[in-house]
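Have the structure open and follow along.

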Amino acid sequence: MTFFVPSHSGPERSVTTTVIVMSTSASPTGRTSDVPAEPIGDIATGGTVTDRLVEANHQYATGFADPGMDARPVLRVAVVACMDARLDLHDALGLELGDCHTIRNAGGVVTDDVIRSLTISQRALGTSSVVLIHHTSCGLESLTEEFRHELELEVGQRPAWAVEAFRDVDQDVRQSMQRVRTSPFLLHTGDVRGFVFDVTTGLLREIDPA
């Protein structure tokens, strides 16, 4: 299914955007050996990846103009998605600066902290719709809660958080939708929809909550 987002209404806005292209875990050849073990910095200057980002920001700021927006999303929607570097949410959903709140974590699962962000988004900043996006080939599909045990053995302290690993991405989207719809803190739970983004085709597939 292709997901369409309504276009803007009102005065035209001019937004200058700088795009920083960074490598992801998916190499052009599909071999993990192509992926560097350590972050690559600026070879010429010896800088780090963070140095490169800061320099890019300086260039961005030279052409930046205050768009005159407030903190309330124009489309009154909050998008919860995985932090995976292959997901360019604004391009994939046809969104512009100021359109939505974007909440991302490992897996795009609805945790207590996501509920916290959604509650603030709805009650303080006026959003009323929630879009949940998982994706194919997610890293959480290769983990288990044993990951927490391994961390405990390594650092001497067991994490308080759950890994939220899953094997069935469709079912995990359904679980996330259910967590949103049953939260007592959220004002708006009538427009909650869940999708799986295919990282090979770029298409969204809607998940039936039933």
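## Ground rules

This is a predicted model, in which local features need pLDDT of at least 70 and side-chain atom pairs count only at pLDDT 80 or more, while totals for chains, interfaces and linings use all residues. Residues are numbered from 1 along each chain as its sequence is written, and side-chain values use heavy atoms, with hydrogens and water left out.

Helices (H or I, at least four residues) and strands (E, at least two) are DSSP runs, numbered from the N terminus.

Let's begin with S4, residues 192–197. Five of its six residues are buried, so strand S4 is largely enclosed by the rest of the structure. Buried here means under 20% relative accessible area, exposed means over 50%, and partly exposed lies in between, with a 1.4 Å probe and protein chains only.

Strands are paired if DSSP finds at least two bridges between them. S4 runs parallel to strand S3 (residues 129–135), and six bridges join the two; Val131 has Arg193 of S4 as its bridge partner. The hairpin of S4 and S5 has six residues between the strands, and in it Gly202 takes a positive phi near 80 degrees.

## Two buried strand residues

Val80 sits in strand S1 (residues 77–82), and its relative accessibility of 0% makes it count as buried. Leaving out residues up to four places away in sequence, Val80 touches Ile103, Gly108, Val114, Leu118, Val131, Leu132 and Ile133, where contact means heavy atoms within 4.5 Å. Val80 and Gly194 are 114 residues apart in sequence, and their C-alpha atoms are 9.4 Å apart in space.

Asn105 belongs to strand S2 (residues 100–105) and also counts as buried, at 16% relative accessibility. Its side chain reaches the backbone oxygen of Val109 at 3.0 Å. Beyond four places in sequence, Asn105 touches Ala81, Cys82, Met83, Thr111 and Val114.

## Helix H3

Helix H3 (residues 112–123) has 12 residues and reaches 16 Å from its first C-alpha to its last, close to the 16 Å expected at 1.5 Å a residue. That expected span is 1.5 Å times one less than the number of residues.

Which residues of H3 are buried? They are Val114, Ile115, Leu118, Thr119, Ser121 and Gln122. These cover an arc of only 165 degrees around the axis, which puts them on the same side of H3; the arc is that of the directions from the helix axis to the C-beta atoms. The buried residues of H3 pack against S1, S2, S3 and helix H5 (169–181).

## Two loop residues with positive phi

Most residues other than glycine have a negative phi. Ser137 has a positive phi near 55 degrees and is not a glycine. Ser137 lies in the loop between S3 and helix H4 (146–155), and counts as partly exposed at 48% relative accessibility.

Glu164, also not a glycine, has a positive phi of about 65 degrees. Glu164 lies in the loop between H4 and H5. Is Glu164 buried or exposed? Glu164 is buried, with a relative accessible area of 17%.

Terms used. A polar contact is a pair of N or O atoms within 3.5 Å; within protein, one must be able to donate a hydrogen and the other to accept it, and residues adjacent in sequence count only if both atoms are side-chain atoms.
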